[in-house]
Amino acid sequence: MKKVFSRTSSLRDVDTHYCSGCGHGIAHRLIAEAIDELDIREQVIGITPVGCAVIAYNYWNFDCVESPHGRGLAIATAIKRVRPQNIVFTYQGDGDLAAIGTAETIHAANRGENLTVIFINNAVYGMTGGQMAPTTLIGQKTATSPRGRDIGNEGYPLKISEIVAQLPGVYSVERVSCDSPKGVLKAKSAIKAAFKNQMDNKGFSLVEVLSACPTYWSLTPADSLDWMQNTMSKEFPLGKIK
Amino acid sequence: MTKGQKILISGNEAIAQAALDAGCTFYAGYPITPQNEIIAYMSEHMPLQGGVFIQSESELAAINMVFGASAVGARAMTSSSSPGISLMQEAISYIAGAELPAVIVNVMRAGPGLGNIWPAQSDYFQATKPGHGDYHCIALAPSSVQEAYEVTKDAFRLADMYRIPVFILSDGMLGQMMEPLLADSQGSMADGKRKKLSTIDYRLSTKKWAATGCKGRDAHVVKSFYMNMGELERFNLELQEKYKKIKAREQKQEALYIDDAQVVLVAYGTMARLAKEAMAILRKKGVKAGLLRPISVWPFPEDIIKRLTVSGKRVVFLVIEMSYGQMVEDVRLAVNGRAQVEFLGRSGGGIPSEEEIINKTVALLNC
Ligand SMILES: Cc1ncc(C[n+]2csc(CCOP(=O)(O)OP(=O)(O)O)c2C)c(N)n1
Ligand code: SF4
């Protein structure tokens, strides 16, 4: 029988710990496929975050460094400067990249570091139990916004991609959503382009991936996709930002 | 400058030069007084040597950059002063947990809080009994510009050998002070004509564990997270074994006139310079004073104190610090009740004077 689909070599043959319907597994796979299609697995150094994806290195089959919470882009900066021959990327959640690590994000972007950033926006803190994230939508209920996010108390959802896109050192910023087969394909090509940019020495490329957390959205996996299509992507419009 | 020629240089610059001579290829830092000469020196000289210099957006970023550079095999250093070191604590724990080598310079100033920029030794606890989790850093405390150069060079060797963060515990006085230095630099220091790193002969241990891309081998992971039950405890026991080895091998001190001493002055760094002067004056007066100057403050030189006290001979230890009593706790632990331990300290900008040391010693012997 002709083989039409197989596991890409950057992905290990193991079960993940993610909840059913979680977007992390999809994003991991897209990254692995992009890396293998570009044939850079042996050059890649991935920086994993503190968040649900901390042990992404158990699923990926290439070198990884585990970062303290939010400091991925400081670590990646140093790695790329020391070893420009490697392809270096960070994988970060919204708490990691847009709350505790905001300064590292802005400054690595502003220095125009030649890096690839995969930013997983699931509008909550997954690992710690579904608390409010900087990207939580107005009115969204979380463990720490039990009456819904209130702008008077918690401010607005932070659009870090739009902020980063303003910086002259940044080469490319795109927002995609893993909410449908079409969305997943778009996400894949954005991720692949962000790696290719680094290979071509273009500079800082960030891909924001809207990603489901059915567990802390208190939705079924299917309803989570609807919510992403009909609600989340209204607040975080998809497409190329820069 | 040619080899074998002395130059006049500050303690801060000597530390920076030592790092370059030790094959440090990565430095990141954030300005803070009284260590600004280090970052300025690195910005000038590191690129000339072919290494990486980054002025980071904060001390948080600086130490995490050191983490990253070290994770891929570079010899990496950062420097700061007290408040900045506080900001670095989380990542230092991660560096210890990931068993990465790193050199961290703390040119101590007075605290707490913003305190002031006068020299102090009030971060001894922070260097020797550091942040969260059961870990240790080696901590070396030089007391002259020449020694600052030498221990900094050695810090890189120790960091690599034991895969451990190493503190250089300096202070604002030593940092700013100019003294002659005999450096064994490979290149020129003053004329900017440094050799490229590739031509410098420093022996880097092969870092087989580094994350450098998985060509021809299994993937490497640099991490400090151990999720499965029992895994972390096993790892921590391995760390403890390593610390035991370091304690057995790496205690370093200068001991002067301690064998017949009635009073042993115990002081490190800048404070030890004054204690040494006081000891000389006391000896002239006929008082049998000695000096114990820890050079490694972790591991603390407890073996020599044990040796001095197990015989049952009567001896008083006078611990002198630019703090309100931090190292004195380690002296008490080493003495373990076998001898009298007294303390003299000032902090917040004040430094115990020779006269104060002499008076306190004489008073101790008369009571
Ligand atoms: C310094 C520090 N503060 C807080 C935490 C606890 N913590 C772990 S993960 C996390 C947030 C994770 O949220 P996010 O980055 O959005 O990733 P997700 O889990 O949703 O994928 C927090 C606050 C930590 N590990 N370290
Ligand atoms: S908590 Fe949310 S982000 Fe974390 S694994 Fe579960 S679904 Fe995914």
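Q: Which elements of chain A each supply at least two residues of the shell around ligand 1?
A: In this predicted model, local features need pLDDT of at least 70 and side-chain atom pairs count only at pLDDT 80 or more, whereas totals for chains, interfaces and linings use all residues. Residues are numbered from 1 along each chain as its sequence is written, chains are lettered from A and ligands numbered from 1 in the order in which they are written, and side-chain values use heavy atoms, with hydrogens and water left out. A residue is near a molecule if one of its heavy atoms lies within 4 Å of it, while helices (H or I, at least four residues) and strands (E, at least two) are DSSP runs numbered from the N terminus. The elements of chain A in question are α3 (94-100) and β5 (124-125).

Q: How many residues surround ligand 1?
A: Ligand 1 lies between chains A and B. The closest of its surrounding residues are A:His24, A:Cys52, A:Asp94, A:Asp96 and A:Gly126. The largest share of the shell, four residues, comes from α3(A). The number of residues that surround ligand 1 is 17.

Q: What percentage of the accessible area of ligand 1 does the protein cover?
A: Polar contacts are pairs of N or O atoms within 3.5 Å. A polar side-chain atom of A:Asp94 lies 2.6 Å from an oxygen atom of ligand 1, and a backbone N or O atom of A:Met127 lies 2.9 Å from one. On its own, ligand 1 has 580 Å² of accessible area (Shrake-Rupley method, 1.4 Å probe).

Q: How many charged residues does the shell around ligand 2 have?
A: Among the residues that surround ligand 2 are A:Tyr18, A:Cys213 and A:Tyr216. Helix α8 (residues 214-217) of chain A gives the largest share of this shell, three residues. By class, seven residues are nonpolar and three are polar. The count of charged residues (Asp, Glu, Lys and Arg) is none.

Q: Which strands stand at the edges of the open sheet of eight strands?
A: The order of this sheet is β9(A)-β7(A)-β8(A)-β4(A)-β3(A)-β1(A)-β2(A)-β10(B), with mixed pairing (two strands pair if DSSP finds at least two bridges between them). Each edge strand has a single partner strand, so one side of it is left without a neighbour in the sheet. The edge strands are β9 (239-240) of chain A and β10 (221-222) of chain B.

Q: Which residue of β4(A) stands opposite A:Phe89?
A: Strand β3 (residues 87-93) and strand β4 (residues 116-121), both of chain A, pair in the parallel sense over five bridges. The residue opposite A:Phe89 is A:Thr116.

Terms used. Polar contact = N/O pair within 3.5 Å; in protein donor to acceptor, adjacent residues only side chain to side chain.
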